[in-house]
Amino acid sequence: MCEGSRFVTGLRDFVKEYFLSFWDYETPKVMVVKNRTLGVIYRSVQFLVITYFIWYVFISQKAYQESETRPESSVYTLMKGTAVHGDDILDTVEYARPSEGGDVISTILRREVTYDQSQGTCAEHFNVANANCTKDSDCVQGEVDFDGHGRRTGRCVQYYNHTFKTCEIQSWCPIEEYAVVREPALEEAINFTVFIRNSIHFPKFKVGNIKDASNKRDMQKYLNKCQYHEEKEPYCPNFRLGYIAHKARENFTELCRTGGVIGVFINWQCNLDIDPSNCKPTYAFRRLDLRKDQANSGYYYRFAKYYRKDGVESRTLIKAYGIRLDVIVHGHAGKFSPIPTIISTVTAMTSVGICTIICDWIMLTFIDKNEVYSDRKFDEVSKWHRVFNMFLFQSPHPQKLLFPTEDTAPKTPHQ
């Protein structure tokens with residue numbers, strides 16, 4: 001019973017001591033180390049941390065601002081230009097698809113035309129699988145090859161003016177591969193212009209791009225005459241196709257042959273702490289389709305012009321190679337706000353504490369060979385030793401305590 005009573009008393013004293021110490025104020029011990037090398041390292045690390053936060057975080061990244069990165073955007077595009085193609089004069093209706101577009105617009109640079117096709121029967125192309133034959137039994141009636149041009153009739157016929165035979169099909173005849181006429185490229189398209197009008201709105205700040213409309217007549221004249229240039233005319237929305245191809249590092253002649261998809265990237269960086277009218281776009285251009293993948297590179301599409309000839313419905317099939325422009329809009333707007341400012345400032349002040357951690361590690365690891373600094377930096381307080389002894393033993397014999405205190409520790413002769 002006596003041992004149990006001492007245990008309970010010791011436990012109560014320990015809990016009481018711990019509870020009272022919870023309300024104590026603790027402060028780090030300040031120790032001045034007269035070491036020039038360590039001082040240089042400490043100030044250098046401080047300088048780097050402070051410079052990082054001032055230059056990069058606050059000035060470059062504007063961490064004191066509240067930001068929005070998903071603006072509402074609309075794009076209107078219009079192709080302009082006229083070209084002479086043989087005896088024909090081509091305007092936007094002939095080569096632009098669509099003539100007035102949104103964020104995607106394309107222009108025809110080269111055409112492959114198959115004239116006077118009509119519904120009927122003709123020989124299948126010899127490159128289609130199982131199309132070559134020597135007798136009718138080689139062709140299955142009603143069979144449809146999805147890599148071919150139509151449904152097979154079951155007959156083996158001569159391939160147009162050649163000596164070999166292929167399976168007959170029901171389709172638009174003559175087939176494209178046999179009757180196609182390849183027209184020369186539209187080299188004059190290098191001077192075609194694309195008008196790109198982009199409007200944005202940042203709903204969080206209720207601000208959109210603001211344009212100077214004080215004199216609409218002068219603005220209209222300016223837009224009709226200007227051509228975009230990165231340095232001379234950075235705000236003109238008219239772009240030459242040749243300029244776009246050059247900035248995308250593409251050869252325009254090669255684009256005329258294979259076609260291609262080019263992305264027009266519009267980036268709005270708006271600092272709303274100043275006049276919103278200074279919110280202007282920057283442009284970048286990059287090829288989007290894979291040039292190394294020959295099977296999937298380039299850009300082309302087919303369309304047809306239908307008419308009636310001798311009472312029979314006919315068509316002219318056109319395979320058009322061209323440049324497709326995809327307009328992609330990004331935006332970022334920022335405005336001063338106290339909350340991100342406080343968070344960034346506290347983060348900067350806290351990060352300065354890294355300097356002390358680094359220097360303490362260097363001091364105790366590489367400089368403190370004789371443990372001179374560690375003896376001064378770390379103090380052992382005997383008060384807790386007495387508390388643990390009371391809790392564990394409550395012994396009436398101080399010399400038997402596990403952790404001797406200053407009062408019970410054996411004296412050495414020099415003490």
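A: The torsion about the S-S bond of C122 and C173 is about -75°, so this disulfide is left-handed. A disulfide is here a pair of cysteine sulfur atoms within 2.5 Å, and the sulfur atoms of C122 and C173 are 2.1 Å apart. Because C122 lies in strand β7 (residues 104-123) and C173 in strand β10 (residues 165-173), the pair ties together parts that are 51 residues apart in sequence. Strands (E, at least two residues) and helices (H or I, at least four) are DSSP runs, numbered from the N terminus.

The structure is a predicted model, in which local features need pLDDT of at least 70 and side-chain atom pairs count only at pLDDT 80 or more, while totals for chains, interfaces and linings use all residues. Residues are numbered from 1 along each chain as its sequence is written, and side-chain values use heavy atoms, with hydrogens and water left out.

Buried means under 20% relative accessible area, exposed means over 50%, and partly exposed lies in between (1.4 Å probe, protein chains only).

Another disulfide joins C133 to C156, with 2.0 Å from S to S, and with 100° about the S-S bond this link is right-handed. Since C133 belongs to strand β8 (residues 132-133) and C156 to strand β9 (residues 151-158), the bond ties together parts that are 23 residues apart in sequence. C133 is buried at 7%, and C156 is buried at 11%.

C139 and C167 also form a disulfide, their sulfur atoms 2.0 Å apart, and the torsion about their S-S bond is about -90°, so the link is left-handed. As C139 lies in the loop between β8 and β9 and C167 in strand β10, this pair ties together parts that are 28 residues apart in sequence. C139 is buried, with a relative accessible area of 6%, and C167 counts as buried at 0%.

By the sulfur distance rule, the count comes to five disulfides. If the bonded cysteines of the protein are numbered in sequence order, the pairing reads 1-6, 2-4, 3-5, 7-8, 9-10. C359, in contrast, is in no disulfide, and the nearest cysteine sulfur, that of C355, is 6.9 Å away.
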